[in-house]
Amino acid sequence: MTSSEALTKIAATFSPERSPMIADYYHLHNCSMRPTANATRCCDIVRRILMDSIFDCDIRRLFNAFYAKYGAQYEQNKLFSYHLNCYPLCPIVQQEGICRHSSEIPFVFGTVSDVDSQEQFHCTWNNQTRFFSNNIISHWISIAQTGRPLHTWPSYDPLVPKYFHVTPDQGFLPTDWNRNCSIFDKIEAERARELFQF
């Protein structure tokens with residue numbers, strides 16, 4: 001993805017008034033199409049923008065609002081977030097290697113089929129994948145039984161925000177939630193003022 005393609009994608013996703021502000025905030029004008037560019041690679045920056053705007057920042061705003069309304073005492077052990085860091089090679093799906101919303105469902109239920117599965121009957125899990133699924137199942141069973149996941153999964157605290165990073169190759173790790181949401185918080189506040197005229 002070139003810088004021009006990245007800017008076009010952002011312009012098509014956000015309003016004309018806000019897309020230049022977002023492009024400037026994420027330094028999209030200076031991004032690179034080189035696969036080795038790491039943090040300045042255009043497609044990675046666009047992915048971060050979309051993840052921040054659609055998932056991370058919205059979730060943090062909601063969690064912060066719950067925390068502000070009900071306080072730390074009420075919300076302690078009630079707000080939890082996680083990121084699944086892979087898509088399995090089994091079930092076989094159209095976008096192999098892509099982790100997307102609902103990718104954890106086969107692991108939660110210990111099944112190789114998924115809403116988008118193809119050829120699900122020609123697919124088996126290896127021991128590592130089965131172990132990974134069993135760990136996820138343990139957390140979900142704990143939530144159903146006690147209202148919270150196992151103790152290794154941190155509850156949300158806006159002063160020290162963490163989420164649970166769920167990966168089959170690196171384990172289950174509490175991870176600092178260090179995304180800067182100030183640009184999307186500002187945009188959301190502007191949209192609320194426009195919508196509710198306050």
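This is a predicted model: local features need pLDDT of at least 70, side-chain atom pairs count only at pLDDT 80 or more; totals for chains, interfaces and linings use all residues.
Residues are numbered from 1 along each chain as its sequence is written, and side-chain values use heavy atoms, with hydrogens and water left out.

**Around Glu104**

- Glu104 sits in the loop between strand S1 (82–84) and helix H4 (105–109); helices (H or I, at least four residues) and strands (E, at least two) are DSSP runs, numbered from the N terminus.
- With 13% relative accessibility, Glu104 counts as buried (under 20% relative accessible area; exposed is over 50%, partly exposed in between, with a 1.4 Å probe and protein chains only).
- Setting aside residues up to four places away in sequence, Glu104 touches Tyr82 and Leu84, where contact means heavy atoms within 4.5 Å.

**Cysteines**

- There are two disulfides here, each a pair of cysteine sulfur atoms within 2.5 Å.
- One is Cys31 to Cys42, with sulfur atoms 2.0 Å apart; its S-S torsion is about 95°, so this disulfide is right-handed.
- Cys31 lies in the loop between helix H2 (19–25) and helix H3 (42–75), and Cys42 in helix H3, so the pair ties together parts that are eleven residues apart in sequence.
- The other joins Cys57 to Cys181, S to S 2.3 Å, and its torsion of about -85° makes it left-handed.
- Here Cys57 is in helix H3 and Cys181 in the loop between strand S3 (171–176) and helix H6 (182–196), so parts that are 124 residues apart in sequence are tied together.
- Both Cys31 and Cys42 are buried, and so are Cys57 and Cys181.

**Nonpolar cores**

- The largest nonpolar core has 18 residues (a core is a set of buried Ala, Val, Leu, Ile, Met, Phe, Trp, Tyr and Cys residues joined through side-chain atoms within 4.5 Å).
- Helix H1 (3–13), H2, H3 and H6 each supply at least two residues of this core, with the largest share, six residues, coming from H3.
- Ile49 is among the residues with the most contacts inside this core; beyond its neighbours within four places in sequence, Ile49 is in contact with Ile10, Phe14, Ile22, Tyr26, Leu28 and Phe184.
- Apart from that core lies another, of twelve residues, including Leu84, Phe107, Phe164 and Phe172.

- Helix H5 (residues 127–146) has 20 residues, which should span 28 Å, and its end C-alpha atoms are 28 Å apart, in agreement; the expected span is 1.5 Å times one less than the number of residues.
- At the N-terminal end of H5, Asn126 is the cap, with a side-chain oxygen 3.2 Å from the backbone nitrogen of Gln128.
- After H5 comes Gly147, with a positive phi near 90°.
- Thr129, Phe132, Ser133, Ile136, His139 and Ser142 are the buried residues of H5, and they pack against S1, H4, S2 and S3.
- Strand S2 (residues 162–167) pairs with S3 in the antiparallel sense over six bridges (pairing takes at least two DSSP bridges), and a hairpin through three residues joins S2 to S3.

Technical notes
A polar contact is a pair of N or O atoms within 3.5 Å; within protein, one must be able to donate a hydrogen and the other to accept it, and residues adjacent in sequence count only if both atoms are side-chain atoms.
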